[in-house]
Amino acid sequence: MKKFFATICAAALLMTGCGGGTGIRDQVSGVSDKTFTYGTVAYGVAMENAGTNPHESYSGWSTLRYGIGETLFKFNEHMELEPWLAESFEQVDDFTVRIKINDAAKFSNGKAVDGAAVKKCLDALIQNHDRAPRDLKISAIEADGQFVTIKSAEKVPALLNYLSDPYGCIVDVDAGVQDKIVVGTGPYKAVKVTDTQIDLVPNENYWGTVKPKLDKIIVKSITDGDTLTMAMQNGELDAVQGLPYSSLKLFGGDGYKISQAETSRVYQIAFNFNTPELQDVNVRRAISMAVDKDGFCKVLLDGNGTPAVGPFPANLTFGDNAVHAAPYDLDGAKKILADAGWSDTDGDGYVDKDGKNLELRYLTYTSRQELPLLAEAAQANLKLIGVKLNVNATDNYKPLLKSGDYDLYSKAIVTAPTGDGEYYFTSHIVPGAVDNAGNYDSPQIVALENELHNTFGAAERSALVVKMSQQVLDDCALIYASHLRMSFVMKPNVEGFTAHPSDYYEIRPELDIK
């Protein structure tokens, strides 16, 4: 056996004119409620996380981020697995793992978390989620007291990592989902959930050693950067995530605190392999060489991003230091296009072939502030090599993705949320993956993924991930522009609110207002 040791705030604001962090003073006790008001760009319909049911799309991110739910295992600051709801585990064989549930664990309704409850939750996850069944490959789950035994149909070396994905939050399935609210095990429980806001109160049955310290938390979706900045400046919010980079310098003084973390969130551009012009690797390579990643990070991101080489940041063993991509080279890109038969024959500033300009449709969304900036940069960069880019930045992008009405699609994605590289490839790269928006189909990737899926050992798996990343780069299947440096800005009286490299665990029991 392997073991790890390891209120009424809105009314108050209207009546007092004060910002977050205050509440209505109890007229009997004279003690003010502690209300924490948090503004974020990372919650909403466009992110597919407007809700708390982890078995729906990316809603598990909200469950985990905002302290409503917990997973069997969690990641530390070094993205290493530690126990959480699980107390220990035993790798019985290559296909079977036996997990011991912490005896103290409880749902917010007071019900004990045992093997049967975990089994029900995982069964529901496999039945309802779009990505989890493909990741987990579970063939059977058995419950016995505080133990749950999971059998996989094939080897899944990263099973515990996948179970630590936000979709792996353990919720009380018997309690159901009421108005987008689930019953979890975290330090807080949701009492109201809409597409733009989540209201939380303490979980009086919280089983953890550190108990929740706040009386109420309000998570507000504020996707407009200027509005978010003004709300923080005006004192309406106690903390924010996702401020425009140009605004961060406004909060560098003594009146605020900033917490930052390097993450594996990457801003990527996928080529649609169904577009005839993009089926030529030389065209894809020329476009890749024309995107000025350094300029994008230094100028448009104001230094709050790192130029990317591949899908993973350099702080991971299988990250950017282990792979290489075509360099930024406008002259080289022009020559590649010319050698491929693309030249400006009519003098309109754009290259053409067989009487048709190289004109491409670029699709992205606006709820991630960096994406429109990347679109702007790519459009200007590609014009320099004679490629016309028509940008469509809309949060109503899903119908266009479904219909295929785009040539390039840009998105933000956390590539290593489970601390293991396989997640990214199974969700975005392999043929038929849920988020393979470019319709990329590589026999080499398929063979490497089959090998990775049957390989145990961190070093061996890292080596295979590097090979897969390099194959994607050699094929010029995607452009990786930048890795995100995540920043939280908060009032000086806020404690226990720190950015985490996983991009999870925002609301924790340590969060407090002094």
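Biologist: Why is Tyr 66 called buried?

Modeller: Buried means under 20% relative accessible area, exposed over 50%, and partly exposed in between, with a 1.4 Å probe and protein chains only. Tyr 66 has 0% relative accessibility, so Tyr 66 counts as buried. Tyr 43 also has 0% relative accessibility and therefore counts as buried. This is a predicted model, in which local features need pLDDT of at least 70 and side-chain atom pairs count only at pLDDT 80 or more, while totals for chains, interfaces and linings use all residues. Residues are numbered from 1 along each chain as its sequence is written, and side-chain values use heavy atoms, with hydrogens and water left out.

Biologist: What makes Tyr 43 and Tyr 66 an edge-to-face pair?

Modeller: Rings of Phe, Tyr and Trp (its six-membered ring) pair if their centres lie within 6.5 Å; planes under 30 degrees apart count as stacked, over 60 as edge-to-face and the rest as tilted. The centres of Tyr 43 and Tyr 66 are 6.3 Å apart, with 70° between the planes, and the pair is therefore edge-to-face.

Biologist: Why is this pair said to tie parts of the chain together?

Modeller: Tyr 43 lies in the loop between β2 and α2 (60–65), and Tyr 66 in the loop between α2 and β3 (73–75), so the pair joins parts that are 23 residues apart in sequence. Helices (H or I, at least four residues) and strands (E, at least two) are DSSP runs, numbered from the N terminus.

Biologist: How many aromatic pairs does the whole structure hold?

Modeller: The search finds 22 aromatic pairs. One of them is Tyr 38 with Phe 497, edge-to-face at 5.2 Å centre to centre and 80° between the planes. Tyr 38 is in strand β2 (residues 35–40), whereas Phe 497 is in the loop between β21 (494–495) and β22 (512–513), 459 residues away. Both Tyr 38 and Phe 497 are buried. Elsewhere, ring pairs link Phe 312, Phe 318, Tyr 424, Phe 425 and Tyr 480 into a cluster.

Biologist: How do you know that Arg 98 lies over the face of Phe 147?

Modeller: A charge sits over a ring if NZ of Lys or CZ of Arg is within 6 Å of the ring centre and within 35 degrees of the ring normal. Arg 98 is at 3.8 Å from the ring centre of Phe 147 and lies over its face. Arg 131 lies over the face of Tyr 58, at 3.9 Å from the ring centre.
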